[in-house]
Amino acid sequence: MTEPPGLSTVNEWSDEQAVALLTECCSSTVWARRVAAARPFRTAEELYARADEVLAELTEAEIDEALAGHPRIGDRPDNASSAREQSAVASADRELRAKLRAGNEEYERKFGHVYLVCASERSAQELLDVLHRRLDNDSSTERRVLRAELAAINRLRLVRLLNHSIEGGR
């Protein structure tokens, strides 16, 4: 398997630069520091595996820190990654966006945190359907689902980061 040239760039970043850029993938500073500390990575898969391992080790408070970096589905994203991942929601009609807002509020009342879902390449209706299904979860089940969704988002962002390192010379 040929590794993307961006992996060598990631390995060459200073510790501070690596943590700052990894925090753009996941808002948990603990996650970013632990992933950065594992460099150099021989393969992209090694990076992804370490990212997943670190995520699995995070405390609930550290997961909450990661959640704080994600806007509500349907809200105006405050970063380029979220905007890209939620692009289908931006074009949804007003009624569907209102249903997403109401669903977000219900979800937050029940679970005490933002509804996190890997939104990339999903329609607004699909995201609403997933939200409604997840409202049936108990808190423990939902935290497991949330961690899996966060891992998927992190993976997408890490892939993009490697590719951006190739194109943008970060």
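Which residues in α3 meet which residues in α4? This report on a predicted model starts there.

## Where α3 meets α4

From α3 come Trp 31, Arg 34 and Val 35. From α4 come Leu 47, Arg 50, Ala 51, Val 54, Leu 55 and Glu 57. Sorted by type, the residues of this contact are six nonpolar, no polar and three charged.

Helix α3 covers residues 29-37, and helix α4 covers residues 44-57. Two packed helices are described by the angle between their axes and the distance between the axes. Here the angle is about 140 degrees. The axes are 9 Å apart. Because angles over 145 degrees count as roughly antiparallel, α3 is oblique to α4. The crossing of α3 past α4 is right-handed.

## Arg 34 in α3

Arg 34 belongs to helix α3. Is Arg 34 buried, exposed or partly exposed? Its relative accessible area is 32%, so Arg 34 is partly exposed.

Neighbours within four places in sequence are left aside here. Arg 34 is then in contact with Arg 50, Val 54, Glu 57 and Leu 58. Val 19 is 15 residues away from Arg 34 along the chain. The C-alpha atoms of Arg 34 and Val 19 are separated by 8.8 Å.

## An aromatic group

The count of aromatic pairs comes to two. Tyr 107 and Phe 111 form an aromatic pair that is tilted. Their ring centres are 4.7 Å apart, with 50 degrees between the planes.

Both residues lie in helix α8, which spans residues 94-111. They sit four residues apart, about one turn of the helix. Tyr 107 and Phe 111 are both buried. With Tyr 115, Tyr 107 and Phe 111 form one aromatic cluster.

## Arg 134 in α9

Arg 134 lies in helix α9, residues 124-134. Is Arg 134 buried or exposed? Its relative accessible area is 6%, so Arg 134 is buried. The cut-off for buried is under 20%.

What does Arg 134 contact, leaving aside its neighbours within four places in sequence? Its contacts include Tyr 107, Phe 111 and Tyr 115. Those three residues form the aromatic cluster described above. Leu 116 and Val 117 are also in contact with Arg 134.

Conventions: Residues numbered from 1 in each chain as written. Predicted model: local features only at pLDDT ≥ 70, side-chain atom pairs only at ≥ 80, totals over all residues. Heavy atoms only, no water. Helix = DSSP H or I, 4+ residues; strand = E, 2+ residues; numbered from the N terminus. Buried < 20%, exposed > 50% of the residue type's maximum accessible area, 1.4 Å probe, protein only. Contact = heavy atoms within 4.5 Å. Axes fitted to C-alpha atoms, helices over the stretch in contact; angles between N-to-C directions. Parallel < 35°, antiparallel > 145°, perpendicular 65-115°, else oblique. Left-handed = near helix turned anticlockwise from the far one by under 90°. Nonpolar A, V, L, I, M, F, W, Y, C, P; charged D, E, K, R; others polar. Phe/Tyr/Trp six-rings, centres within 6.5 Å; stacked < 30°, edge-to-face > 60°.
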